[in-house]
Each structure stands twice: as structure tokens, then as C-alpha cells.
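Hello,

My notes on it follow below the entry.

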Amino acid sequence: MPDTLSIELWRLAASYLFLILLLIMSLLLGLGRGKEFLVAAVRMTLQLVLAGYILELVFSQRHILVTLAVLLVMQSFALVTIFGRVKGAIGFRLKRVIALALFLGTSVPLAYFMIMVIAADPWYEPRFFIPIAGMTIGNSMTGITLGAERLTQAFQTSRARIEEALMLGATPQLAVGEFLSDTFNAAIIPTVNAMLGMGIIFIPGMMAGQILAGASPLDAIKYQIVIMMGILGSVSLAVYLIINLGYRTFFNQRAQLVNNQE
Amino acid sequence: MQAAFSLREVVYREILYIPSLDIPSGLLFGITGKSGSGKTTLLKLLNNLISCEEGEVSYYGQNVSASDPVALRRRVVMVPQSPYIFPRTARENIRLAFYFNRKELPAQAEMEKLLAVLGMPGMLDKDTFVMSGGEKQRLALARVLLLDPETLLLDEPTAALDEENAKAVISYLAQWASRPGKAVVIISHAGALIKEHTDSILTLSGGKITGMNEKRSANA
């Protein structure tokens with residue numbers, strides 16, 4: 001048995017049989033969504049082919065600026081995705097906080113992770129840096145989206161409650177305290193749930209990939225554990241920043257509620 | 001006569017324009033006017049929930065815009081027309097008011113006594129979910145009266161009350177306001193009742209002062 005599994009091109013093509021099956025089912029059920037499924041599959045293929053070539057190039061460069069540029073591009077794409085996914089209008093001040101939470105929340109744990117945990121040499125070694133950055137950014141993106149959405153909702157649906165607390169003499173922080181802890185919980189729960197089910201309910205993609213590529217399961221779990229910790233650190237920091245800086249964007253300096261859509 | 005609030009050349013959007021107004025302390029100051037006449041906006045300006053675009057609002061000589069907004073709201077507490085009642089009990093509502101205001105919770109006897117005065121005896125642990133509109137309104141009043149701030153700003157505090165309860169509340173407020181260093185500004189449509197118990201009545205129309213009826217001033 002070879003150590004690493006290399007898929008021949010015709011076998012790769014054979015995997016598309018499942019897509020064809022889905023298209024047939026869609027046709028039989030009269031879903032009328034065949035085009036949508038096809039576009040999704042084609043997009044996935046093209047994006048991954050492109051990513052593969054770019055990564056080949058970046059890995060061969062091993063240059064700090066190239067690696068950091070890739071990080072910046074990933075963060076920027078994540079930012080645009082978050083702005084698109086948060087339901088309801090978000091104001092400029094909250095957008096700024098989201099950007100800060102994403103950039104700080106992913107960069108700081110990532111730097112610690114590369115230097116202290118992985119101890120890669122050099123620390124920006126793209127073979128490690130970029131996949132790990134991808135996983136942390138992807139998970140933080142979900143946490144930030146949930147956090148920003150919950151926060152915006154709280155100010156929309158509980159405006160009377162918040163204003164009442166202000167009238168009774170509360171500082172903005174006291175007035176929204178309950179919402180902040182709720183928001184933090186809601187945003188962090190998917191990551192905590194993922195940890196609970198890990199290894200029993202599902203074998204995470206990264207670990208599965210490593211095992212398929214020939215690594216021993218014991219090495220694969222070590223990586224999976226540290227990655228999960230990295231993701232946890234990154235999501236917590238990003239969400240903490242979102243709620244603690246985010247709620248302030250709904251008040252002005254006079255501790256008055258403002259319309260965040262302005 | 002010392003003014004609790006002084007307003008000079010106050011403009012707020014297209015809603016309110018007040019060239020000059022002094023609201024004295026030590027008495028019950030009434031505001032009347034039709035819907036949309038700017039009554040609630042005026043109260044919010046005094047509570048610093050909103051700030052005027054032009055002019056100056058001062059509280060005992062201190063410019064409201066230049067003072068610490070939260071510290072001011074702890075001295076000048078407002079009850080809106082439809083106050084938000086927190087879930088669970090009356091006791092929990094009082095506890096939260098004191099938590100927000102950063103004050104020590106009063107003794108249970110004191111809470112019970114005030115609820116009884118407002119016509120809600122034995123309701124300290126009543127679930128707010130099953131309270132009537134009138135009970136909720138009186139609970140909102142009880143919360144702030146127990147806080148005992150310097151000034152109370154009340155937006156239609158008797159709107160959900162029957163005549164008897166409204167009378168009891170207004171006369172209690174008049175008594176409360178007559179204590180040294182206290183002031184109550186009250187918006188009300190309860191015509192005769194408010195006329196009987198307030199010392200001054202300001203009438204607003206289209207955001208402007210159209211009438212000022214001073215029966216007596218605090219130190220007169």
C-alpha cells in the first residue's frame with residue numbers, strides 16, 4: 001500500500017458520478033434546481049483548482065510577504081462574506097468593529113500558534129501557515145457572523161428594554177449586559193459543539209485528510225487537537241472583541257442610543 | 001425661586017423650539033398638549049436621552065450637555081409613557097432599577113409600604129406577566145419613587161389608571177415634589193386632576209409654548 005494516495009485523473013472524473021446522480025434525482029423529483037447544483041459543483045472545482053495552483057506557487061516561494069499577502073486576501077474575503085451573511089443592516093461603525101475583530105481575532109492566535117505550538121521553521125512556513133489560517137478564519141467567520149447578527153437583533157427587538165435601563169440610570173454596559181453574555185454564548189456554541197462530537201460523531205476533515213494522505217492516526221489527532229484549540233482561541237477572541245466593541249457602536253458619547261444604520 | 005431646569009433657545013429637529021423656559025424645583029410641573037406637540041421630546045431632552053441641536057438645557061445651573069450623562073440620569077429619572085416592565089416579579093423590577101442606578105436595595109418593608117400607597121398591597125412577589133396595565137404603570141412608578149432621585153420626569157403616569165387610583169397617585173406625587181430639593185415634571189391629559197394638583201402648567205402646540213399657567217411657585 002502506498003504511503004500517500006494519489007488519485008489518477010480519470011478516477012477523479014469518476015467521482016462526478018455522484019453529481020450526475022443528484023442531477024437525475026432533481027430531474028425525477030421535478031425540483032428544477034439542476035442548474036444550481038451544476039453551478040455549485042463547477043464553482044467548487046474551479047475554485048479548488050485555482051487554490052491548488054496558487055498554493056503550489058506560494059509554497060514554492062516561501063516568502064514572508066507572499067504568505068502574509070495570502071493571509072490578507074483570505075481575511076478580506078471572509079470580511080466580505082460576513083457583511084453579506086449578517087441579516088439586517090449593519091452600520092459603518094459596526095462594520096469597522098467586525099473588521100478589527102476578524103483581523104485581530106485571527107492574526108494574534110495564529111501568530112502564537114505558529115511560534116509556540118507548531119514551532120514551524122520559519123514561523124511563516126506556508127505549508128503550515130496557510131491551511132491553519134484557513135481553518136481559523138473559516139471558524140471565526142461563523143462566530144463573528146453569529147455575534148454581529150445577535151447583537152444587531154438585540155438592539156432592534158429590545159430597544160425599549162435598553163432605553164428603560166438607561167432612564168433608570170444604567171451605563172450602556174449595564175443596560176446591555178444580559179445581551180452581551182447571550183451573544184457570546186450563541187456565537188461560541190458551534191465551536192464548543194464541534195469539540196464535543198469530535199472523533200465520535202465525526203472525523204474532522206483535516207484529520208481524515210491527513211490519514212488518507214498516509215499519516216498515522218495518532219499523529220493526525222495531535223494535529224487535530226492543537227488545531228481545535230487554535231480555532232477555539234481565535235473564535236473566542238474574535239467574538240469577545242465583537243461584543244465588547246460592537247455594543248458601543250449603538251451608543252454615542254452622551255450614552256444615548258443611536259440608530260446604527262446611520 | 002430656584003429653577004431645576006433652565007432652557008434657552010432650545011431647538012430639536014423640527015419637533016421642538018423653546019426660546020426660554022424655567023422649570024422650578026419643589027413643585028409639580030405639568031405639561032399638556034396634543035399628540036405630536038413635543039411633550040415627550042421635551043422630557044427626553046431633560047433626561048439627556050436626546051440632545052438639543054441648538055441652545056442649552058441646564059440642570060441647577062449646570063449645562064446638561066457638558067455633564068456626565070449617566071450621573072445626570074441617576075439624579076433625573078424618567079418614566080416613559082409605556083414603561084418596560086422586566087420579567088418575573090415586582091420585587092425583581094425594583095431590584096433591577098437599583099442595580100442600574102447603582103444604589104443599595106431598600107428594606108422589604110419600605111417596598112411593601114410604597115406599593116400599598118400606590119394601591120398595590122401585597123403585590124411585591126406578584127408575577128408581572130399577570131399584572132394589568134394599571135398595575136404595571138404603578139409598578140414603574142414604584143421603582144423610581146423608591147430610588148428617590150432628585151427629579152422625576154413622568155410621561156402620562158396615570159394614563160392606564162382608573163380615576164380613584166389616578167387621584168391617589170397624583171396627590172402622592174404632589175406631596176413628594178414639595179420636599180426640599182425635589183422636582184416632578186409630569187405630562188398628563190388628565191385635565192381636571194392635573195389642574196387641581198400641579199403648580200404650573202405648560203401648554204405645548206406644534207413644538208412651541210402656547211400657554212403657561214402658574215398657580216403658585218415653590219417659595220411663594
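Chain B of this predicted model contains seven helices and 10 strands. Its radius of gyration is 17 Å, close to the 17 Å that the globule rule gives for 220 residues, so chain B is as compact as a globular protein of that length. Along the principal axes, the C-alpha atoms of chain B fill a box of roughly 45 × 40 × 35 Å. Of the 220 residues in chain B, 45% are buried. Among contacts in chain B with a separation of 6 or more, 71% are between residues 24 or more positions apart.

For chain A, the domain assignment gives domain 1 (1-61) and domain 2 (64-250). The C-alpha centres of domain 1 of chain A and domain 2 of chain A are 28 Å apart. Seven residues from domain 1 of chain A and nine residues from domain 2 of chain A take part in the contact. On the side of domain 1 of chain A that touches domain 2 of chain A, four residues are nonpolar, two are polar and one is charged.

One residue I looked at in detail is A:Phe113, which sits in helix α5 (residues 92-117) of chain A. Is A:Phe113 buried or exposed? It counts as buried, because A:Phe113 has 25 C-beta neighbours inside 10 Å and the cut-off for a buried residue is 20 or more. Beyond its neighbours within four places in sequence, A:Phe113 is in contact with A:Ile118, A:Ile132 and A:Gly230. A:Met207 is 94 residues from A:Phe113 along the chain, and the C-alpha atoms of the two are separated by 18 Å.

Regards

Note on methods. Residues are numbered from 1 along each chain as its sequence is written. Chains are lettered from A and ligands numbered from 1 in the order in which they are written. This is a predicted model: local features need pLDDT of at least 70, side-chain atom pairs count only at pLDDT 80 or more; totals for chains, interfaces and linings use all residues. Helices (H or I, at least four residues) and strands (E, at least two) are DSSP runs, numbered from the N terminus. A residue is buried if 20 or more other C-beta atoms lie within 10 Å of its own, exposed if 12 or fewer, and partly exposed in between; C-beta atoms are placed from the backbone. Two residues are in contact if their C-beta atoms, placed from the backbone, lie within 7 Å. Domain bounds come from an automatic or database domain assignment. Ala, Val, Leu, Ile, Met, Phe, Trp, Tyr, Cys and Pro count as nonpolar, Asp, Glu, Lys and Arg as charged, and the others, Gly among them, as polar. The radius of gyration is taken over C-alpha atoms; the globule rule is 2.2 Å times the number of residues to the power 0.38.
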